[in-house]
Amino acid sequence: QVQLVESGGGLVQAGGSLTLFCTASGGYAMAWFRQFPGEEREFVAAIDWIGSNTAYADSVKGRFTISKSNAKNILYLQMNSLKPEDTAVYYCAATTKSGPTLFKDDYRYWGQGTQVTVSS
């Protein structure tokens, strides 16, 4: 059983930065998704199990960076130039596929989510 625990969320002003963390055991391809109230969870960024290949949603490309440390079992999401429309609950997820994969159904393991709020 893979347990994922997110941290690092909080309140930040527009234009600011936050880093999200996700602790996990094992070498999995992983991703960040986010969910707006009343909407489906959407893809944000993904990384393969080695940590060398990444993929991003167009809405965050150039502003967010996903990375991982297999030695520390930590997944990161560095978020810069944050916008109010980035306000959401952010989830990390792990897949047994080699990754990176954008599809929510490919991910078997999920964290509990961490709230990110960007004020204007």
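Helices (H or I, at least four residues) and strands (E, at least two) are DSSP runs, numbered from the N terminus. This is a predicted model, in which local features need pLDDT of at least 70 and side-chain atom pairs count only at pLDDT 80 or more, while totals for chains, interfaces and linings use all residues. Residues are numbered from 1 along each chain as its sequence is written, and side-chain values use heavy atoms, with hydrogens and water left out.

**The open sheet**

Begin by selecting S1, S3, S8 and S7, which in that order form an open sheet of 4 strands with antiparallel pairing; two strands are said to pair if DSSP finds at least two bridges between them. Strand S1 (5-7) and S7 are the edge strands, each pairing on one side only, and the twist from one strand to the next averages 15 degrees, with axes taken as lines fitted to C-alpha atoms and angles running from 0 to 180 degrees between N-to-C directions.

**Two loop residues with positive phi**

Most residues other than glycine have a negative phi. Move to Asn73, in the loop between strand S7 (64-69) and strand S8 (74-79), where phi is positive at about 55 degrees although the residue is not a glycine. Asn73 counts as partly exposed at 33% relative accessibility, on a scale where buried means under 20% relative accessible area, exposed over 50% and partly exposed in between (1.4 Å probe, protein chains only). Then select Ser81, in the loop between S8 and strand S9 (88-95), which also has a positive phi, near 50 degrees, and is partly exposed at 41%.

Tyr107 is buried at 5% relative accessible area, whereas Trp110 is partly exposed at 26%.

Finally, select Arg41, whose charged end sits over the ring of Trp110, 4.9 Å from its centre; a charge sits over a ring if NZ of Lys or CZ of Arg is within 6 Å of the ring centre and within 35 degrees of the ring normal. Arg41 also lies over the face of Tyr91, at 3.6 Å from the ring centre.
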